[in-house]
Each structure stands twice: as C-alpha cells, then as structure tokens.
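The model is shown below.

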Amino acid sequence: MIRARRENLGVHTLIRGDCARVLKRIAPRSVDVVVTSPPYNLGLAYRSYSDKMAEEDYLDWMEGVCSSLREVMRDDGSFFLNIAGSSAQPWLPFELMVRLRGLFVLQNHITWVKSISVGEVTHGHFKPVNSSRFVNRNHEHVFHLTKTGDVPVARLEAGVPFTDKSNITRRSHNIDRRCRGDTWFIPYETVRSRREKFSHPGTFPVALPEACLRLHGVHSETVLLDPFMGSGTSVIAAEKVGVRGIGIEADTSYVRVARDRLRAYLDAQKAGLDEN
Ligand SMILES: C[S@@+](CC[C@H](N)C(=O)[O-])C[C@H]1O[C@@H](n2cnc3c(N)ncnc32)[C@H](O)[C@@H]1O
C-alpha cells in the first residue's frame, strides 16, 4: 500500500495515492465538479496500474469509487465521467452506467467526437481499428451525472455563436449564443514542441475538462476534483478557467508528469503576464 502524499502548486493540490482511500479523507459536500477518465479496463499499458481486471471486479471497484465521489460532491455538483468501450467490449461503459443508477441521475449524455468526416474532409485524429467487422471508433462517452437530475447548467456560457445571425432576433434570443448540444468535437492538440511532450498512454485534451467545467458553470470558489488525474489535464483546465483543482493519481511518475505540466503552464502564464 502506498502512503498518500500531497503538494500544492498555486491554488491546486496534487495527491499521490489510491483514490479509493484518499476520497475518504476529503470533506463531504466540498467538491463542485468531478471530471475524470478512469482506467477503462481495456488492457491499456499504464506504467504500474494493470488495466485488465475481471469485469465484475472492475464494476464493483468503480461503483465503490463513484459512491465515495457522491459523498464528496455538493448536492448541486456535477460528475462528468469520460469512458469508452472497445470493439471487443462494447457493453462495458453501459454496464457501468447501469451500476451507477442507484447513485446518480444521468442528467446529460455527451458524445465526445475525436474525429469526424464532413463530406470528403476529415477533421481530428483517431486510432484506426484493423478489422473487416468493425468500423473505426472515433468517439467516447461523457456521462454527466448529478445527485438530483435538476442541477442548472450554464448552457449559454458554454455555448457557441449562431451561424445564422437572423436566428438571434427571429427566436427572441438577446445574445449571440446558443447551447452547443450533446455532441462535442474536440480533437487532440497537435504537439508543437519537445517541451509539450509527456509520457502517459491515455489522456484527454485540456479542452474536454474545460468544456465540462464551463457547462457546469464556474465562479471563484468552484472546486474541481479528478480522482484519476493521470498527467494532470483536468487540473490544467481548472487553472485555465480560474478555479481550484484537486488531482489524485496512484502512479508516482504520472504525478511527476502532472506537476511538471502544471508548473510549465503556470510559468508560461506568469511570463505572459509579466510581458504585458
Ligand atoms: C485514463 S487515465 C487518466 C488520464 C488523464 N485524464 C489525463 O488526461 O492525463 C487513468 C489514470 O488512473 C490512474 N489510476 C489507476 N488506479 C488508480 C487509483 N486507485 N487511484 C488513483 N489513480 C489511479 C492510472 O495510473 C492512470 O494514470
């Protein structure tokens, strides 16, 4: 068993430890938004975690973690759970959701599109599936879970401008903003420099947790929690939107990656501010 270790960077807290244990020590009803992507149990090659449990064991474990997440969430909090199946295990995300029915209401089901072909033009990137049976998997799920099912969300703040501006007056809107809906095209960022490269096998882009935070709605006191922090992407999103992030990660080397990424982000921001 590893002993939990925490460190603060800016307003954020990075904790190395097993989230199942660490969550028991977080104050009840203290977290506004949980954004996380747990291991999917599809056999991904993490450095220390073995991503291949018996399915029932995996579902029991995830149900336990999600039950602890419910305890630390405020009653008007949001839990954005990013998960995907595979061609061989297509039911897994849905099996998990059925397990979570006793804990949460499924308030919104968002599809994260990583790549899409519009006409003949393809946008974004995906890992091709080599198969004569299956098509490529270009999307993942983002399940928006809440305790009551009636948590107000910031549809317009997280929205997009109208393409046809005549809709603004025709449909009696007073701002050029509409709800973006439940299909989010968020491609992976292109790595531009060596400094931006880091080692983790299964990350999401910063824009994904950022969109979740914006949809929940943020203010200066908002607290984000990611119990499976990995390389720290959601804590960087928290910094980007100006809220406090808490990340928990079991693997020491991924905590180091998260710390280095967050530190580089904070330094870059500070350098930008100093220049202005
Ligand atoms: C899908 S990855 C998260 C990636 C993250 N969203 C990012 O963008 O970097 C899941 C992470 O959960 C970590 N993990 C596995 N079991 C854990 C546990 N019991 N407590 C905390 N972290 C755990 C793994 O080491 C892995 O880094």
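## Salt bridges

In total, 14 salt bridges are found in a search of the whole structure; a salt bridge is a side-chain nitrogen of Lys or Arg within 4 Å of a carboxyl oxygen of Asp or Glu. The model is predicted, with local features requiring pLDDT of at least 70 and side-chain atom pairs pLDDT 80 or more, whereas totals for chains, interfaces and linings use all residues. Residues are numbered from 1 along each chain as its sequence is written, and side-chain values use heavy atoms, with hydrogens and water left out.

R47 and D251 are joined by a salt bridge between their side chains (3.2 Å, N to O). This pair links distant parts of the chain, 204 residues apart: R47 sits in the loop between β3 (31-36) and α2 (55-72), and D251 in the loop between β11 (244-249) and α7 (252-275). Helices (H or I, at least four residues) and strands (E, at least two) are DSSP runs, numbered from the N terminus. R47 counts as exposed at 57% relative accessibility, while D251 counts as buried at 2%. Buried means under 20% relative accessible area, exposed over 50%, and partly exposed in between (1.4 Å probe, protein chains only).

## E210 and its partners

The side chains of E210 and R214 form a salt bridge (3.1 Å, N to O). These two residues are separated by about one helical turn, because they are four residues apart in helix α5 (residues 207-216). E210 is buried at 13% relative accessibility, and R214 is partly exposed at 34%.

E210 also forms a salt bridge with K240, with the closest N and O atoms 2.9 Å apart. E210 lies in helix α5 and K240 in helix α6 (residues 233-241), so this pair ties together parts that are 30 residues apart in sequence. K240 is partly exposed, with 41% relative accessibility.

## Largest pocket

The largest pocket holds about 1200 Å³ of space. On a 1 Å grid over the protein atoms alone, a pocket is an open set of points where a 1.4 Å probe fits, with protein on both sides within 12 Å along at least five of seven lines; lining residues have an atom within 4 Å of a point. Grid points are joined across faces, edges and corners, and the volume is the space filled by probe spheres set on the points.

Its lining has 50 residues, with Y40, L44, Y46, P201 and G202 nearest the centre. α1 (19-22) and β8 (139-146) each supply at least two lining residues.
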